[in-house]
Amino acid sequence: MTKERVLTGITTTGTPHLGNYVGAIRPAIEASRSDSVDSFLFLADYHALIKCQDPDLVRQSSKEIAATWLALGLDPQETVFYRQSDIPEITELTWVLNCNAAKGLMNRAHAYKAAVQSNEEAGDDPDFAVTMGLFSYPVLMAADILMFKAHKIPVGKDQIQHVEMARDIAQRFNHNFADVFTLPEAVVGDDVAVLQGLDGRKMSKSYNNTIPLFDTEKKLRKAINKIKTNLLEPGEPKDADDSTVFQLWSAFANPEEIQRMRDEFANGIAWGEAKKQLFELINGELSDARVRYLELMDDPAYIESVLMKGAERAREHSTALMQKVREAVGIGAIR
Ligand code: TRP
């Protein structure tokens, strides 16, 4: 049986929060345990440079993201787990793909268009503060994906376009040169996987409404107590489907526990009590991993050794593929 190859990258800006855990990390780790998938996961640190010019933040975020995934049970034997910048063939391939990606295609990329639009609205030059990194971001992402012949790319909705661009670039290359690349497809998680934040909107760093994943127990409790609720008193029936507390509960509880909480809402559970139970539930799922996380953060040499081994495995693929690409386009030894 040929396994399906699933690949995804995490840009190393910021600290993972509960929304990242429910929406991306937990499902990816579950999927990586399946025998029918061959999973690749990497720290997209060159992508981080597009939006972050703070070296300490990029370094710290790489460490936190690596520690988070390992603490939550990512098995580096099962998953090829590496750092993008350790694979020089990725940036090499980026150039070749740049020469095969239509500029017109890049003009349509959401991230670039959004930057231009906000410049125009502000009355600035349309390309104000737009770097070539931002403009050609989808090409670097295409190199990440095409390098490893990935079939399925689990991403958020905002990234679907980029996967389609990778597919487009691959098709064009295969047509012009040789059938080198596998055509990738985006897979988007269902809506349940989009966790609500403290204010009820999608949990996101940009809304400043996140709940921390591995901060202290105290901070977790505090954040949960801050979740916005209505003013209904204890004893008054509450609408579960309209509640962020219930939505979070559902992301962590089993079906019986979800039903029990739904009944408790109908019976008028007090907000304080619902939040207390929610804290116990989430903390129960995360507390062992939190201990491992803190141990890992204190042992960067171990994290580094895992990433080095991952890079070695990844490079077996990337050097072979890059060889084919060079051959196909006419780069290499004079014969
Ligand atoms: N651009 C993606 C994001 O910001 C991260 C990423 C980089 C990625 N390379 C990738 C995701 C390749 C999937 C495949 O979310």
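Predicted model: local features only at pLDDT ≥ 70, side-chain atom pairs only at ≥ 80, totals over all residues.
**Entry 1: a term, and Ala129**

Before looking up any residue, I noted that exposed means over 50% relative accessible area, buried means under 20%, and partly exposed is what falls in between.

I found Ala129 in the loop that runs between helix H6 (110–121) and helix H7 (132–135). I then looked at the backbone of Ala129, where phi is near 65°, a positive value in a residue other than glycine. I wrote beside this that most residues other than glycine have a negative phi. Finally I checked Ala129 against Val116, 13 residues apart from it along the chain, and their C-alpha atoms are separated by 9.4 Å.

I looked next at Lys149, which sits in the loop between helix H8 (137–147) and strand E4 (152–154). Phi of Lys149 is also positive, near 50°, and this residue too is something other than glycine.

Setting aside neighbours within four places in sequence, I listed the residues in contact with Leu146 as Leu97, Ala166, Ala170, Phe181, Thr182, Pro184 and Leu321. For a distance across the model I took Leu146 and Ser243, which are 97 residues apart in sequence and, C-alpha to C-alpha, 41 Å apart in space.

I checked the length of helix H12 (residues 255–266), whose 12 residues reach 17 Å from first C-alpha to last, close to the 16 Å expected at 1.5 Å a residue. After H12 comes Gly268, and I noted that its phi is positive, near 85°.

I then asked at what angle helix H10 (residues 217–225) and helix H13 (residues 271–297) pack. The angle is about 150°, and the axes of the two helices are 10 Å apart. I recorded the crossing of H10 past H13 as right-handed. On the H10 side the residues that meet H13 are Glu217, Leu220, Arg221, Ile224 and Asn225, while on the H13 side they are Lys275, Leu278, Phe279, Ile282, Asn283 and Arg290. Sorted by class, this contact of H10 with H13 has 5 nonpolar, 2 polar and 4 charged residues.

**Entry 2: the whole protein**

Last, I stepped back to the protein as a whole, for which I counted 14 helices and 5 strands. The C-alpha trace spans about 85 × 50 × 40 Å along its principal axes. For 335 residues a compact globule would have a radius of gyration near 20 Å, so I took the 22 Å of this protein as in agreement. Of the 335 residues, 45% are buried. I also noted that, among contacts between residues at least 6 apart in sequence, 78% join residues at least 24 apart.

Note on methods:
Residues numbered from 1 in each chain as written. Heavy atoms only, no water. Helix = DSSP H or I, 4+ residues; strand = E, 2+ residues; numbered from the N terminus. Expected span 1.5 Å × (residues − 1). Axes fitted to C-alpha atoms, helices over the stretch in contact; angles between N-to-C directions. Left-handed = near helix turned anticlockwise from the far one by under 90°. Contact = heavy atoms within 4.5 Å. Nonpolar A, V, L, I, M, F, W, Y, C, P; charged D, E, K, R; others polar. Rg over C-alpha atoms; globule rule 2.2 N^0.38 Å. Buried < 20%, exposed > 50% of the residue type's maximum accessible area, 1.4 Å probe, protein only.
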